[in-house]
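Here's a quick briefing on how this chain is put together. Have a look at the model first, then we'll go through the rings, the strands and the cores.

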Amino acid sequence: MAYVELVDASKTLKIGLPASIKIVFVKELEGVYKSNVADIDFNRRLLFLSIPSLKGKFIPIPKGVRMTVNLFDRSSVYEFDTVSLGVIKYDNMYVIPVPFPESVRKTERRKFVRVPIYLEGKFYISVENETESFVFTTKNISAGGLMMVTKKYLKVGDIIYIDLKLDADLMLNKQKSKIVREDEHTEDGFVYGVQFLDLPVSLETKLVRFVFQKELKMKSIR
């Protein structure tokens with residue numbers, strides 16, 4: 001289970017953190033959008049978010065729209081409810097200022113949450129050139145690994161290198177990984193639990209955000 005606590009926002013929120021903005025009360029803007037913390041003005045108690053985007057299209061959020069902001073670091077998600085103060089030009093870039101929160105809801109262990117997702121990828125036994133590739137299908141994914149089905153027999157402890165496109169902005173390219181569990185064989189193939197190894201901090205942060213956004217969408221559908 002994820003553990004949630006209230007923490008001091010001034011000690012946790014930083015410039016550059018990736019973010020998602022969720023809007024539910026304005027029908028024409030309803031959705032979850034990508035953003036990041038462009039700047040923070042502690043004197044005026046303002047946090048500046050980059051103009052959010054959806055599928056490469058910028059979405060300006062008018063003044064007065066209420067929204068939930070989630071910010072992501074390597075191991076936690078920080079959430080707070082706020083209101084857009086409109087789009088302004090700040091240091092030669094367009095941003096959306098929001099009141100800087102006194103506290104945020106910190107959620108630990110988000111990277112261990114798994115969400116069901118079915119994508120096709122391929123893996124290699126070696127990173128040598130012209131190494132044979134093997135197809136697999138994901139069953140679920142977290143920021144720490146995935147569950148996959150493949151026709152290739154593997155053993156627990158085997159090292160593989162994964163290519164997988166998760167969305168337009170997130171791809172695994174020869175990502176070093178380890179087989180950590182073997183589940184019961186199905187008619188579709190062998191089922192393995194896979195752990196990502198040596199993830200760069202930037203990639204892990206993107207995976208945390210990706211998983212969390214998928215989880216948000218799943219909850220909104222229910």
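Ring pairs link F123, F134 and F136 into a cluster. Here rings of Phe, Tyr and Trp (its six-membered ring) pair if their centres lie within 6.5 Å; planes under 30 degrees apart count as stacked, over 60 as edge-to-face and the rest as tilted. A word on ground rules: this is a predicted model, where local features need pLDDT of at least 70 and side-chain atom pairs count only at pLDDT 80 or more, while totals for chains, interfaces and linings use all residues. Residues are numbered from 1 along each chain as its sequence is written, and side-chain values use heavy atoms, with hydrogens and water left out.

**Rings**

- Going by the ring-pair rule, the count is seven aromatic pairs.
- F48 and Y90 make a stacked pair, at 4.1 Å centre to centre with 15° between the planes.
- That pair links distant parts of the chain, with F48 in strand β4 (residues 46-50) and Y90 in strand β9 (residues 88-90), 42 residues apart. Helices (H or I, at least four residues) and strands (E, at least two) are DSSP runs, numbered from the N terminus.
- F48 is buried, at a relative accessible area of 0%, and Y90 is buried too, at 16%. Buried means under 20% relative accessible area, exposed over 50% and partly exposed in between (1.4 Å probe, protein chains only).
- The rings of F72 and F212 have centres 5.6 Å apart and planes at 70°, so this pair is edge-to-face.
- F72 belongs to strand β7 (residues 66-72) and F212 to helix α1 (residues 201-221), so the pair ties together parts that are 140 residues apart in sequence.
- Both F72 and F212 are buried.
- There's also a charge on a ring: the charged end of K174 sits over the ring of Y124, 4.2 Å from its centre. The rule for that is NZ of Lys or CZ of Arg within 6 Å of the ring centre and within 35 degrees of the ring normal.

**Strand β7 and its partners**

- Six of the seven residues of β7 are buried, so the strand is largely enclosed by the rest of the structure.
- On one pairing, four bridges join strand β2 (residues 18-23) to β7, and the two run antiparallel; A19 stands opposite L71 in β7. Strands pair if DSSP finds at least two bridges between them.
- β7 is also joined to strand β8 (residues 76-83), by seven bridges and again antiparallel.
- T68 has D81 in β8 as its bridge partner.
- β7 and β8 form a hairpin, with three residues between them.
- N70 is in β7 and counts as buried at 1% relative accessibility.
- Beyond its neighbours within four places in sequence, N70 is in contact with P18, A19, S20, V77, Y78, E79, F212 and L216. Contact means heavy atoms within 4.5 Å.
- V77, one of those contacts of N70, is in strand β8 and is buried, with a relative accessible area of 1%.

**Nonpolar cores**

- The largest nonpolar core has 31 residues, and M148 and I162 touch the most other members. A core here is a set of buried Ala, Val, Leu, Ile, Met, Phe, Trp, Tyr and Cys residues joined through side-chain atoms within 4.5 Å.
- At least two residues of this core come from each of β14 (133-142), β15 (145-150), β16 (159-167), β17 (170-182), β18 (190-196) and α1.
- α1 gives the most to this core, with seven residues.
- Not counting residues up to four places away in sequence, I162 touches K122, F123, F136, L146, L172, N173, K174, Q175, S177, V194 and F196.
- A second, separate core of 27 residues includes V37, I40, I51 and V65.

**The chain overall**

- The secondary structure comes to one helix and 18 strands.
- Along its principal axes, the C-alpha trace spans about 60 × 35 × 35 Å.
- Of the 222 residues in the chain, 48% are buried.
- Among contacts between residues at least 6 apart in sequence, 57% join residues at least 24 apart.
- The accessible surface is about 12,300 Å², with 51% of that belonging to carbon and sulfur atoms. Those areas come from the Shrake-Rupley method with a 1.4 Å probe; for residues, only the protein chains shown count as cover.
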